[in-house]
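Biologist: I would like to learn how to read a model like this one. Could we go through it feature by feature?

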Amino acid sequence: MNKVTKVAKKCAPSFNQKRQKLSLYYRPSCPYCHYVLGALKAYNINLELRNITDSAEYETELIKHGGKRQVPCLLVRGEGTDKWLYESQDIVDFLLLTNKRVAADSQCSGEAK
């Protein structure tokens, strides 16, 4: 594999990365939610926060579409499919991996850091 192919492969966009929209359903009193929120802050990751304590609409969405009231829950809206992540460590791992891909793509495209 030549150098150009290696760079192109490294800089290829991740699956649905540009089309994903992320929303975190949480409760302020939940320690697992605090873990995820702390990771968001530590790694400077911004996404939509949906407090189910303050919004009956968010709580209803979570139960209806996600299947249960458990928080934290990360909704990953992609191209035609939604993915609901419920475990705090899975959520943090997903966000860190996605964040690394975005940073790599920015470096590959010459965008400012």
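Biologist: Is tyrosine 58 buried, partly exposed or exposed?

Modeller: First, note that this is a predicted model. Burial is read from relative accessible area, and buried means under 20%. Tyrosine 58 has a relative accessible area of 22%, so it counts as partly exposed. Tyrosine 25, by contrast, is at 1% and counts as buried.

Biologist: How many aromatic pairs are there in the whole structure?

Modeller: A search finds two. The angle between ring planes sets the type: over 60 degrees counts as edge-to-face, under 30 as stacked, and the rest as tilted. For tyrosine 25 and tyrosine 58, the planes stand at 90° and the ring centres are 6.4 Å apart, so this pair is edge-to-face. Tyrosine 25 is in strand 1 and tyrosine 58 in helix 3 (residues 56–66), so the pair ties together parts 33 residues apart in sequence.

Biologist: What kind of pair do tyrosine 25 and tryptophan 84 make?

Modeller: Their planes are at 35° and their centres 5.7 Å apart, so the pair is tilted. It links strand 1, which holds tyrosine 25, with strand 4, which holds tryptophan 84, across 59 residues. Both of these residues are buried. Together, Tyr25, Tyr58 and Trp84 make up one aromatic cluster.

Biologist: In what order do the strands lie in the sheet?

Modeller: The order is 2-1-3-4, in an open sheet of four strands with mixed pairing. Strand 2 and strand 4 (82–85) are the edges, each pairing on one side only. On average, neighbouring strands are turned by 20° against each other, direction ignored.

Biologist: How do strand 1 and strand 2 run, and how many bridges join them?

Modeller: Strand 1 (residues 21–26) and strand 2 (residues 48–51) run parallel and are joined by four bridges. Serine 23 has glutamate 48 as its bridge partner, and tyrosine 26 stands opposite asparagine 51.

Biologist: Which residues of the largest nonpolar core touch the most other members?

Modeller: That core has 14 residues, and those with the most such contacts are Leu22, Leu24, Leu47, Leu74, Ile91, Phe94 and Leu95. Strand 1, helix 2, strand 3 (73–77) and helix 4 (88–109) each supply at least two residues. Helix 4 gives the most, with four. A second, separate core has 11 residues, among them Tyr25, Tyr26, Leu75 and Tyr86.

Biologist: What does leucine 22 contact beyond its neighbours within four places in sequence?

Modeller: Its contacts there include Leu47, Leu74, Phe94 and Leu95, as well as Glu48.

Terms used:
Residues are numbered from 1 along each chain as its sequence is written. This is a predicted model: local features need pLDDT of at least 70, side-chain atom pairs count only at pLDDT 80 or more; totals for chains, interfaces and linings use all residues. Side-chain values use heavy atoms; hydrogens and water are left out. Two strands pair if DSSP finds at least two bridges between them. Axes are lines fitted to C-alpha atoms, for helices over the stretch in contact, and angles run from 0 to 180 degrees between N-to-C directions. A nonpolar core is a set of buried Ala, Val, Leu, Ile, Met, Phe, Trp, Tyr and Cys residues joined through side-chain atoms within 4.5 Å. Buried means under 20% relative accessible area, exposed over 50%, partly exposed in between (1.4 Å probe, protein chains only). Contact means heavy atoms within 4.5 Å. Rings of Phe, Tyr and Trp (its six-membered ring) pair if their centres lie within 6.5 Å; planes under 30 degrees apart count as stacked, over 60 as edge-to-face and the rest as tilted.
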